[in-house]
Amino acid sequence: MAIERRPLVFDHVLTYRTEQRKTDWQEPLGLLESFVLDKGVYKNGPAFFTFVPEPEDESTGTFTYYQPVNGPLDTGGDNGFGYEARFHSGDALVMRQAEQEADFDAAYVKVQDAAVQEGLVLGETYYCVLLDVYGDIMIDLVVPLEGGRAE
């Protein structure tokens with residue numbers, strides 16, 4: 001498992017924000033796919049998401065999903081969907097194949113350890129990037145740095 005230092009950058013990104021249980025993290029992926037098809041655009045990058053747990057109950061929280069697409073689109077109002085012309089995580093540490101760990105928390109601890117060794121400070125948010133590799137899902141963990149290199 002390699003840890004690299006680089007940003008996560010995409011143009012034309014569909015977003016979807018929802019409150020749900022942490023264990024249901026895969027459910028909105030079908031919604032994203034349907035929305036993209038309905039709007040006449042196509043995916044041109046991997047889906048990824050962030051999760052912010054509820055302070056009282058860490059098994060639920062706010063997920064924000066991101067899906068790069070081939071061009072601008074109108075999401076049609078406040079239905080949980082949004083659009084960003086450009087997504088840039090900022091300078092980040094990236095762990096390839098984070099799913100090889102017991103869970104995302106274990107992977108995050110390894111990234112924290114790498115940051116400490118390099119004298120870097122991690123931000124609060126991290127992104128799980130879902131890579132479809134020959135029908136299997138591989139996950140990269142992207143953790144932005146506080147005060148990292150500019151875009």
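A residue is called exposed when its relative accessible area is over 50%, buried when that area is under 20%, and partly exposed in between. With those words in hand, here are some close-up views of this predicted model.

View 1. H1 has 12 residues and spans 17 Å from its first C-alpha to its last, close to the expected 16 Å. Look for Pro28, Leu32, Phe35 and Val36, the residues that are buried in H1. Why do they sit on the same side of H1? They cover an arc of only 100 degrees around the axis, which puts them on that one side. The general rule behind such patterns is that an α-helix has 3.6 residues a turn, so residues three or four places apart point the same way. The other side of H1 carries Leu37 and Asp38, which are exposed. Among the elements that cover the buried residues of H1 are E2, E4 and E5.

View 2. H2 runs over residues 104-118, and its 15 residues reach 21 Å from first C-alpha to last, close to the 21 Å expected. Its buried residues are Phe104, Ala107, Tyr108, Val111, Ala114 and Ala115. Seen down the axis, these buried residues fall within an arc of 115 degrees, so they line one face of H2. Val116 and Gln117 are exposed on the face turned away from that buried side. Which strands do the buried residues of H2 pack against? Their partners are E1 (3-5), E3 (47-53), E6 (92-95), E7 (127-133) and E8 (136-144).

**View 3. Asp105, a partly exposed residue of H2.** Asp105 belongs to helix H2. Its relative accessibility is 43%, so Asp105 counts as partly exposed. Beyond its neighbours within four places in sequence, Asp105 is in contact with Lys22 and Tyr126. For a sense of scale, the C-alpha of Asp105 lies 15 Å from that of Thr60, a residue 45 places apart from it along the chain.

**View 4. The largest nonpolar core.** This core has 29 residues, and Phe49, Leu122 and Leu141 have the most contacts inside it. At least two core residues come from each of E2 (9-21), H1 (28-39), E3, E4 (60-68), E6, H2, E7 and E8. Which element gives the most to this core? H2 does, with five residues. Zoom in on Leu122 and you will find that, leaving out residues up to four places away in sequence, Leu122 touches Leu93, Tyr108, Val111, Gln112, Ala115, Val143, Pro144, Leu145 and Glu146. Another core, of 13 residues, lies apart from the largest one and includes Phe10, Phe87, Met138 and Val142. As background, nonpolar side chains tend to be buried together in soluble globular proteins.

View 5. E7 is mostly covered, with five of its seven residues buried. With E3, E7 pairs in the antiparallel sense over three bridges, and Ala47 stands opposite Leu130 of E7. How many bridges join E7 and E8? There are seven, again in the antiparallel sense. Val129 has Asp140, in E8, as its bridge partner.

View 6. Most residues other than glycine have a negative phi. Tyr134 has a positive value, near 50 degrees. This tyrosine lies in the loop between E7 and E8, whose hairpin has two residues between the strands. Is Tyr134 buried or exposed? At 84% relative accessible area, Tyr134 is exposed. His12 also has a positive phi, near 55 degrees, but His12 lies in strand E2. With a relative accessible area of 24%, His12 is partly exposed.

View 7. Asp91 is located in the loop between E5 (81-88) and E6. Asp91 counts as buried because its relative accessibility is 5%, and the cut-off is under 20%. Where does the side chain of Asp91 make a polar contact? That contact is with the side chain of Arg5, at 2.6 Å.

Key:
Residues are numbered from 1 along each chain as its sequence is written. This is a predicted model: local features need pLDDT of at least 70, side-chain atom pairs count only at pLDDT 80 or more; totals for chains, interfaces and linings use all residues. Side-chain values use heavy atoms; hydrogens and water are left out. Helices (H or I, at least four residues) and strands (E, at least two) are DSSP runs, numbered from the N terminus. The expected span of a helix is 1.5 Å times one less than its number of residues. Buried means under 20% relative accessible area, exposed over 50%, partly exposed in between (1.4 Å probe, protein chains only). The arc is that of the directions from the helix axis to the C-beta atoms. Contact means heavy atoms within 4.5 Å. A polar contact is a pair of N or O atoms within 3.5 Å; within protein, one must be able to donate a hydrogen and the other to accept it, and residues adjacent in sequence count only if both atoms are side-chain atoms. A nonpolar core is a set of buried Ala, Val, Leu, Ile, Met, Phe, Trp, Tyr and Cys residues joined through side-chain atoms within 4.5 Å. Two strands pair if DSSP finds at least two bridges between them.
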